[in-house]
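This report describes selected side-chain interactions and surface features of one protein chain. Please consult the sequence and structure shown below while reading.

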Amino acid sequence: MQAPTDASAGSVGPDAGGGSYLRRAGALLGLGLVGVASLGATVALTGALPDVPGFSTLAVLLLTLVAPTAFLIVAVLLGTRAAPCVGLRSLVADRATDGTPVLPELGDIAPYAVGAGAAVGLLLASLDVVFAPLGATPAVEGRPTFLQVFASVPVRFLYGGITEELILRWGVLSAVAWVGWRATGGVRRPGPTVMWPAIGITALLFGLGHLPAVAGIGTLTPSVVARTVLLNALGGVVYGWFAWRYHLEAAMLAHAGTHVVFVTLSLLVVVLS
């Protein structure tokens, strides 16, 4: 089986493919809301909601989901406008407008994207071991249980693999690349001199975006911050490359491949502890 060819040579322009902006945005928003729903369900079922005086559990849950939902909506709206201008595409968006089947092209790239994502997961796990003696790994009380590991699966694959990619690679990467494209004349589709900095900036924001979660389980020392941002940014660069050279869904598959490794390693920790 040969590696799939570069899929970044699509039409340029906000209405590339003759599709409707609202239909494209609506399809992607619906996809991302699945991830938001998985986040809400996991938080509710695991009892991770804080007790806020004067607010019901449902109200606290809804308030918890306001920020990710707002980020998702803004990212989808921005990305759906900017992505075609800079040569980024989504199979789901194409399907919503011209009926192009998703599975054939998705199947072609899946082994490579998932494999690359898994390699990223192994690299990050190895680097985490290297960082541990430096006090850069946040301390977690106790060992995970099977229930905790399996409870994290929907959030990892649906929110992390889908919603985060919509926010970062579809929204932020497209917007940053669009700014670079316009700054360099906005005539031809941006090349590596625009796209690589955009991928790097987006990856850095991806790493910074993980700090609140880390702060919830430990102290954000300088070494912890450096470790969190660096490791997640490394993954973000790979996901961004797949979004650029192929499509958004390839980035989602790569992100999912990383979590396959993380879940597997977590289960091994449970079994061996």
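## Aromatic pairs

Trp241 has a relative accessibility of 30% and therefore counts as partly exposed, since that class lies between the limits of 20% and 50%. The structure under discussion is a predicted model. Phe242, by contrast, is buried, with a relative accessible area of 5%. Ring pairs join Trp241 and Phe242 with Tyr246 into a cluster.

In total, six aromatic pairs are counted in the model. One of them is formed by Phe206 and Tyr239, an edge-to-face pair with 6.1 Å from centre to centre and 80° between the planes. This pair links distant parts of the chain, as Phe206 belongs to helix H6 (residues 192-208) and Tyr239 to helix H8, 33 residues apart. Phe206 and Tyr239 are both buried. The pair of Trp241 and Phe242 is also edge-to-face, because the ring centres are 5.1 Å apart and the planes lie at 85°, an angle over the 60-degree limit for that class.

## Charges over rings

The charged end of Arg245 is located over the ring of Trp244, at 4.5 Å from the ring centre. The charged end of Arg182 sits over the ring of Trp181, and here the distance to the centre is 5.8 Å.

In one of them the side chains of Asp94 and Arg24 meet, with an N to O distance of 3.3 Å. Asp94 lies in helix H3 (residues 91-98) and Arg24 in helix H1 (residues 21-45), so this pair ties together parts that are 70 residues apart in sequence. Asp94 also forms a salt bridge with Arg89, where the closest N and O atoms are 3.1 Å apart.

Arg24, Arg89 and Asp94 belong, together with Glu105, to a network of salt bridges.

## The link between helices H4 and H8

A further salt bridge is formed by Asp128 and Arg227, with the closest N and O atoms 2.8 Å apart. Asp128 is in helix H4 (residues 103-131) and Arg227 in helix H8 (residues 222-245), so that the pair links distant parts of the chain, 99 residues apart. The two partners fall into separate accessibility classes: Asp128 is partly exposed, with a relative accessible area of 21%, whereas Arg227 counts as buried at 14%.

Helix H8 also contains Thr228. Thr228 is buried, with a relative accessible area of 1%. Leaving aside neighbours within four places in sequence, Thr228 is in contact with Gly207, His210, Leu211 and Val214.

## Gly160 in helix H5

Gly160 is part of helix H5 and counts as buried, at 4% relative accessibility. When residues up to four places away in sequence are not counted, Gly160 touches Val155, Glu165 and His255. The C-alpha atoms of Gly160 and Met252 are 8.6 Å apart in space, although these residues are 92 residues apart in sequence.

## A nonpolar surface patch

Phe146, Phe150, Leu265, Leu268, Val271 and Leu272 make a nonpolar surface patch of about 610 Å². Helix H5 (146-183) and helix H9 (248-272) are the elements that give two or more residues to this patch. Which element gives the most to the nonpolar patch? The answer is H9, with four residues.

Leu268 is one of the residues in the patch and is found in helix H9. Its relative accessibility is 43%, and Leu268 therefore counts as partly exposed. That value is also over the 30% relative accessible area required of patch residues.

Key: Residues numbered from 1 in each chain as written. Heavy atoms only, no water. Patch = residues over 30% accessible without salt bridge, like charges linked within 9 Å, V, L, I, M, F, W, Y side chains within 5 Å. Areas by Shrake-Rupley, 256 points an atom, 1.4 Å probe, with all protein chains shown as cover. Salt bridge = Lys/Arg side-chain N within 4 Å of Asp/Glu carboxyl O. Buried < 20%, exposed > 50% of the residue type's maximum accessible area, 1.4 Å probe, protein only. Contact = heavy atoms within 4.5 Å. Phe/Tyr/Trp six-rings, centres within 6.5 Å; stacked < 30°, edge-to-face > 60°. Lys NZ or Arg CZ within 6 Å of the ring centre and 35° of its normal.
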